[in-house]
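Below are some numbered remarks on the model, set down for a colleague who has the coordinates open. They begin with a single residue and then move to chains and helices.

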Amino acid sequence: MSSSEILVTGVGIALPGVDGPADLLRAGSTAGEPEVDPAALLGKRGLRYKDRASQLALCAAADGLRAAGLLTDALTVPGSTVGVVVSSNLGNLDTVCEVADGIKELGVDGISPMGLPNASSNVVASTVAIRYGLRGPNLMVCNGATSGLDAVYWAASSLAAGRAERFLVIGVETDNRYVRGLLGLPTGQLLDGAVALVVERADAAAARGAAGSAVLGRYAREGGIDQCLDRLVPEDGAVPGTWFVPEGHRSGDRLPADVPRTDLSEVFGRASGALGVLQVAAAVSWFAAGGPDAGQRALVMSGTGQDDAVAGLLLAPAGPAA
Amino acid sequence: MTAPLLEQPGTQPQAVVGLGAVNSVGGSVDEVFDSLCAGRTGRAELRGFDRSRFRAQHAYEIDDRPDGGGDVTGRATRWLIRAVEEAARDAGLGDDLSEVPILIGTGLRELRSAELGWRDGAAFDVSELHFGTALRERFGAVRTYTFSNACSASLYALAMGSDLLAAQGAETVIVAGVDTLTESMYGLLDRVHMQPPDQVRPFDKDRKGVLMGDGAAAIVLRRADGRLGETVRGLLRSVYVNCDGFHVTAPDAEGVAQALLGAHRLAGVKSEDIDLVMLHGTGTLLNDEAEALAIGQVFGPHAGNPLMTAVKSMTGHTSGGSGLLGLIVALKSLESGRVPPTVGLREPVEEAAGFRFVRGAHAEAGLRLAQVDAFGFGGVNAVAVVERAGQ
């Protein structure tokens, strides 16, 4: 294992119908499952005035940091070595629209000042940093359909540049009347949950005796699915063992038909900025499940020809710890 | 992503080879810089909102709405495209940016359009909340990234773009910043001010708070490999980013000080080498105090050496785009020797009493190194060090 490799060393989950990482591979839809209750998971303290996206992200963050061995009663590493990247497209639309309504109806004297932090789209990333004392780079990615994979990529880029030793990467979206109204969607189609990954430099993981469950590979953001496949799976390259496909896209004839395709939005609902992070977490579970192809790479992809671009990322199973 | 690990970010200087800007004081970099040096502000009565709903009545808006009142969608996106066009033209890039990563830092994305769509029935598609959709249409760009990092967003984007160049992930990157007023942010700021401000007065004892401004800024960045025929507008020596991990809106002087030290360390400079500080200077009670304390702590006996100025006194707080605007003004100041004044600063706060603010008229000085500050809600800090070209 190269010291410059970037490993996934923890997965955290706050999703309806999912108790642990293995459930990310469930086949049936999570529609109708009870929604995530942050107060039950974290206790009520510190959740007041936090928007739903921040609360869900805090749940996934705690779970992910614990899974990676970074959080017991307190953080087990210096806070300055841990960065945060959060992806969400719809996260604070509830606050923005509610406040705009309030100003029209009541004027500024009628709105609650407690909404102020939530009017800034980066509130989720900074809320996670504040709660767990993570003082490395803190970045909010709001980049459309590919946003979750882009977030993983920028965490990896910052690790390669030496800006931190590890990043907590979170994908989160919420389902509420404002978001449904803007998207023109009925209830029950949108994900209301969060997923977290800890990605870490291999040397930093080794130094604290942590094992990785996957290795991040090549990433690309291209104009379409075929271009993205061309970049990541060249004709002479090894075919991946599984493909987590973009929402609603199972075709992709550039890969052999026997490469299994999984559309996580069929199980978890439309996941927008959370999708890429969810896909990477599911790929980690796929490696862990140890099926006949689990020694091969996993390909995850978000965005289609309907979006501004398509992003893809390859992951490999982690080798024996160095 | 498979690039070798760097010893530390920012160890190789990078060249800024194109500039673009638009805001309430000008429609191009030269117009903006000349206005700022002349002390002209973009302050005016609120144009796009129903003024009867607010206590504060002023802002620093771009006056481009159609006649007849009301507001329209997509304004931030249009300014972003103008700023990128100007920077790309300045760098000699064509209209095809399909191979050039474009990184955009913004506080509020197209949330103003979302407000108009949700509340007032304007046509708005959620795919236009981030800027990739429009940048692909205009420039064929597909490696586009919208980072929504509050008021340090464009310098955070610069850090990411700088890392991409350093890791050989691209030959050229465009880094941009953009923001417009949202009614939700303007209104919530208005709600929390003790008295409504009518002017942004950074570091003044009588400052009342912040007022927002419209604007976009863009630069083209390349590795400084001395290629021929290219006009280098300045060198990027470092960008350091961190997070206070302290409070969702209030800054922490200790986290800010760590960011200043980090930027100096990565650039290989000491505080006494800095000739000019482009202050974040928002005119809020908390920011200006924390920023002054942090500078006092890091610069120590040298805190009175560099010239300092806060251009938000003329542009208002252009939010996520403000850091990159500060960087562009810094490069123009290093190149021309002219430094814009901080308008409206009469008596500095105690923590900044020893600072060499540019006041009244613009200053003229020979300068080499500038520090650019940007701090945002949630304690997201970003500090850059830039150097005059042609050293």
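Where in chain B is B:Ala150 found?

1. The model is a predicted one. In it, B:Ala150 sits in the loop that runs between strand 5 and helix 5 of chain B. Its phi is near 50°, a positive value in a residue other than glycine. B:Ala150 has 30 other C-beta atoms within 10 Å, and a residue counts as buried at 20 or more, so B:Ala150 is buried.

2. B:Gln168 also deserves a look. This residue is not a glycine, yet its phi is positive, at about 65°. B:Gln168 lies in the loop between helix 5 and strand 6 (172–179) of chain B. With 10 other C-beta atoms within 10 Å, B:Gln168 is exposed, because the limit for that class is 12 or fewer.

3. On chain B as a whole, the secondary structure comprises 10 helices and 15 strands. Along the principal axes, the C-alpha atoms of chain B fill a box of roughly 55 × 50 × 40 Å. Taking contacts in chain B between residues at least 6 apart in sequence, 80% join residues at least 24 apart.

4. The contact of the two chains draws 64 residues from chain A and 65 residues from chain B. On the side of chain B that touches chain A, the elements giving two or more residues are helix 3 (111–120), helix 4 (132–139), strand 5 (144–148), helix 5 (153–166), helix 6 (183–192) and strand 8 (234–243) of chain B. Helix 6 of chain B supplies the largest share of that side, eight residues. By class, the side of chain B that touches chain A has 31 nonpolar, 21 polar and 13 charged residues.

5. Helix 3 of chain B is mostly covered, with eight of its 10 residues buried. These are B:Leu111, B:Arg112, B:Ser113, B:Ala114, B:Glu115, B:Leu116, B:Gly117 and B:Trp118. The cover over them includes helix 3 (93–106) and helix 6 (177–183) of chain A, along with helix 2 (75–90) and helix 6 of chain B. Just after helix 3 of chain B comes B:Gly121, with a positive phi of about 75°.

6. How do two helices of chain A cross? The axes of helix 2 (residues 52–67) of chain A and helix 4 (residues 123–132) of chain A come within 9 Å and cross at roughly 45°. Helix 2 of chain A and helix 4 of chain A are therefore oblique to each other. Their crossing is right-handed. Helix 2 of chain A contributes A:Ala53, A:Ser54, A:Ala57, A:Leu58, A:Ala61 and A:Leu65 to the contact, and helix 4 of chain A contributes A:Val123, A:Val124, A:Thr127, A:Val128, A:Arg131 and A:Tyr132. Nine of the residues in this contact are nonpolar, two are polar and one is charged.

7. Last, a loop residue in chain A. A:Pro34 belongs to the loop between strand 1 (6–14) and helix 1 (38–42) of chain A. A:Pro34 is exposed, with 8 other C-beta atoms within 10 Å. A:Leu15 is 19 residues from A:Pro34 along the chain, and their C-alpha atoms are separated by 9.5 Å.

Conventions. Residues numbered from 1 in each chain as written. Chains lettered and ligands numbered in written order. Predicted model: local features only at pLDDT ≥ 70, side-chain atom pairs only at ≥ 80, totals over all residues. Contact = placed C-beta atoms within 7 Å. Helix = DSSP H or I, 4+ residues; strand = E, 2+ residues; numbered from the N terminus. Nonpolar A, V, L, I, M, F, W, Y, C, P; charged D, E, K, R; others polar. Axes fitted to C-alpha atoms, helices over the stretch in contact; angles between N-to-C directions. Parallel < 35°, antiparallel > 145°, perpendicular 65-115°, else oblique. Left-handed = near helix turned anticlockwise from the far one by under 90°.
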